[in-house]
Amino acid sequence: MRQLLQRTFAADGPFAGRVPGFKLRAEQLEMSQAIGEAIESTGVLVAEAGTGTGKTFAYLVPALLAGGKVIVSTGTKTLQDQLFDRDLPVVRAALASGASIALLKGRANYVCLYRLRRAAREGRFATREEAVQIRKIERFAAVTATGDRADLADVAEDAPAWAHATSTRDNCLGQSCPDYRDCFVMRARKNALAADVVVVNHHLFFADLVLREEGISELLPACNTVIFDEAHQLPETARMFFGETVSSAQLVELSRDVRLELRAAGGASPELERVAARLEKAARDLRLALGEPAARLAWSQALRIPAFTDALAKLDLSLNVLEQALAAQAGRAEGLDACARRATAARHLLVRLRESEAAAEVRWVEVFSHAVQLHVTPLSSAQLFRRQMSDHPRAWIFTSATLAVGEDFGHFTRELGVAEAQTRRWASPFDFPRQALLYVPKAMPEPAEAGFTEAVIEAALPVLKASEGRAFLLFTTLRALRRAHQLLEGRIDYPLLVQGIGSRSELLSRFRALGNAVLLGSQSFWEGVDVRGEALSLVVIDKLPFAPPDDPVLAARIEGIRGEGGNPFNDLQLPQAVLQLKQGAGRLIRDETDRGVLMLCDPRLATRPYGRRILASLPPMALTRDLAVVERFFAARPAGGCG
């Protein structure tokens with residue numbers, strides 16, 4: 001396969017005439033050959049490829065040439081759509097491949113005919129706009145071949161009406177559904193089972209594993225190669241799916257579904273209506289008991305809140321009463337039977353949460369604006385993931401721009417239990433010493449000191465002036481972001497965009513169109529954001545993205561590592577921070593013509609022994625601590641050239 005790949009990626013090969021600007025890149029060819037060898041030997045390869053390597057073609061080409069069934073899993077639906085709509089068709093055409101392809105998303109992305117019809121018939125909506133949206137979805141469902149909500153531009157993806165028109169794993173009726181034969185989810189799954197290449201995302205991949213444990217899924221057993229793009233997200237996604245969660249929102253929805261299914265069954269039961277209403281109130285009271293949103297509490301912390309323990313007891317009682325009331329309705333309607341199963345599952349998890357905690361897991365509570373989630377999460381997903389890899393020989397490819405700390409892949413391979421994997425790393429082909437500058441300002445206070453965010457903004461203002469806006473300011477906390485917004489408002493002559501005011505896609509679209517904007521972002525802008533050209537010439541990061549040590553999952557993992565004689569900082573906290581920092585830094589140079597400055601405001605890069613290790617993990621940019629050097633860098637940009 002090596003020679004075939006060499007011909008495919010050659011300067012005069014099949015891509016040369018089909019992909020504008022295509023040229024032979026040694027890194028892309030080497031990566032493709034390594035992946036080809038792993039596929040041929042059904043091996044495990046962990047491959048880090050810097051920005052600009054062209055990793056998508058590097059894995060698609062050998063996967064298609066090798067034949068067999070291939071699953072490609074991505075971190076985001078955006079990349080999933082890009083792969084299916086743009087990259088795969090180009091590669092298939094260039095290779096003259098007859099491989100069939102399919103796109104498979106999670107069930108919440110497809111219209112559920114049963115729930116849509118039930119909602120339309122019931123006609124009870126919070127607003128007139130919701131009712132209008134439901135009618136649009138009905139018209140769409142009548143003509144669409146896929147039922148994919150992304151294909152309906154007239155109803156926003158986050159519109160409340162979709163909650164009435166889609167299903168979840170909890171409320172899907174499965175084969176008992178009267179619309180099962182016309183189900184868009186089942187149609188998509190059948191297409192995926194028949195296709196040679198299936199594009200999924202990580203959440204769906206793990207959801208499929210969960211179904212497989214129950215003997216339902218046939219997707220993974222049939223495949224020869226699994227490729228994970230944006231693989232750095234896998235350990236966290238795996239922990240979430242191998243754990244268990246019950247939320248107040250789930251229980252509110254259960255309560256509503258009980259009442260809707262009761263009416264759909266054609267009979268009244270005032271007592272069951274009252275029991276369902278009590279469950280909804282109990283679920284809402286549980287959320288109210290926990291105060292401010294954006295909190296993550298260890299289970300023991302939550303239990304020290306008297307209002308929470310009282311609300312939890314009332315919720316348990318309400319679920320118990322509902323479970324018994326639904327048992328009395330058994331066999332009356334499949335919808336009510338499904339509600340009974342959901343009530344039983346939720347109560348079993350509540351019982352488990354209140355038992356003593358096992359050593360290999362952590363119980364915790366997450367508080368959102370309108371809901372609370374109760375979690376049981378495994379401390380490690382390695383053994384659980386490993387079990388999925390061992391049942392049938394196949395190639396496993398893990399790739400991302402951020403998997404290694406320096407040259408060390410140990411953190412990632414430990415997290416997923418793939419210690420035997422071959423590891424390879426290709427640096428970005430971009431000319432970072434020429435294209436980029438790393439600025440670590442002097443005399444910054446420690447991040448824990450009062451006034452740190454104020455110091456970040458004061459240090460950033462002259463750099464923003466030199467860059468003429470065109471900047472991302474990335475923060476590790478929403479609190480710091482909000483404070484920065486207050487400090488910058490009215491002090492800069494450039495448009496100011498702030499995360500949370502509009503969707504991410506809307507903000508990015510405005511940022512690109514304005515050309516000189518300053519965007520303040522937190523977690524969702526650290527990765528998966530691609531702004532090429534002059535519009536983004538400066539990325540400011542307030543501090544090293546160490547996860548807060550009081551986070552309940554992290555705290556439990558730290559104790560677990562310490563109990564095994566490990567070093568939590570070196571084995572967990574530092575690698576996590578480095579990989580997250582590499583993601584944020586990766587927003588800056590997205591093309592070989594880009595120029596820009598990465599400004600890291602954390603003094604620990606210069607004052608702590610680990611600072612050198614962190615800097616060595618970043619692309620090879622010239623380092624300066626002198627503002628004048630930054631100003632000269634921006635002043636020297638080519639006339640009419642990229643920033």
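# Close-up views of a predicted model

View 1. Glutamate 48 stands opposite serine 400, a residue of strand E10. The model shown here is predicted, so local features are described where pLDDT is at least 70 and side-chain atom pairs where it is 80 or more, whereas totals for chains, interfaces and linings use all residues. Residues are numbered from 1 along each chain as its sequence is written, and side-chain values use heavy atoms, with hydrogens and water left out. Helices (H or I, at least four residues) and strands (E, at least two) are DSSP runs numbered from the N terminus, and two strands are said to pair if DSSP finds at least two bridges between them. Strand E1 (residues 44-49) runs parallel to E10 and is joined to it by five bridges. Strand E5 (residues 225-228) also pairs with E10 in the parallel sense, over four bridges, and here phenylalanine 228 has phenylalanine 398 of E10 as its bridge partner.

**View 2. The two faces of strand E10.** How many of the six residues of E10 are buried? In this strand (residues 395-400), six of six are buried, where buried means under 20% relative accessible area, exposed means over 50%, and partly exposed lies in between (1.4 Å probe, protein chains only). One side of the strand carries Ala395, Ile397 and Thr399, the other carries Trp396, Phe398 and Ser400, and both of these faces are covered.

**View 3. An open antiparallel sheet of four strands.** The strands of this sheet follow the order E6-E9-E8-E7, and their pairing is antiparallel. At the edges are strand E6 (244-247) and strand E7 (295-298), each of which pairs on one side only. Neighbouring strands are turned by 20° against each other on average, direction ignored; such angles are taken between N-to-C directions and run from 0 to 180 degrees, with axes being lines fitted to C-alpha atoms, for helices over the stretch in contact. Strands of a sheet pair through backbone hydrogen bonds, either parallel or antiparallel. Four antiparallel bridges connect E7 with strand E8 (residues 361-367), and leucine 297 stands opposite valine 365 of E8.

**View 4. Helices H11 and H12 packed against each other.** The axes of H11 and helix H12 (residues 270-288) lie 8 Å apart, and the two helices pack at an angle of about 165°. They are therefore roughly antiparallel, on a scale where angles under 35 degrees count as roughly parallel, over 145 as roughly antiparallel, 65 to 115 as roughly perpendicular and the rest as oblique.

View 5. A salt bridge is a side-chain nitrogen of Lys or Arg within 4 Å of a carboxyl oxygen of Asp or Glu. Arginine 118 and glutamate 261 meet in such a bridge, at 2.7 Å from N to O. This pair links distant parts of the chain, as arginine 118 lies in helix H5 (residues 113-122) and glutamate 261 in helix H11 (residues 248-264), 143 residues apart. Arginine 118 is buried at a relative accessible area of 5%, and glutamate 261 is likewise buried, at 5%. Both residues belong to a network of salt bridges that links Arg115, Arg118, Glu253, Asp257, Glu261 and Arg342.

View 6. Glutamate 37 and arginine 2 form a salt bridge whose closest N and O atoms are 2.4 Å apart. Glutamate 37 lies in helix H2 (residues 26-40) and arginine 2 in helix H1 (residues 2-8), so this pair ties together parts that are 35 residues apart in sequence. Glutamate 37 is partly exposed, with a relative accessible area of 35%, and arginine 2 is partly exposed at 45%. The whole structure holds 46 salt bridges.

**View 7. Alanine 443, a loop residue with positive phi.** Alanine 443 has a phi near 55°, which is a positive value in a residue other than glycine. This alanine is placed in the loop between strand E12 (436-439) and helix H19 (452-467), and alanine 443 counts as exposed at 79% relative accessibility.
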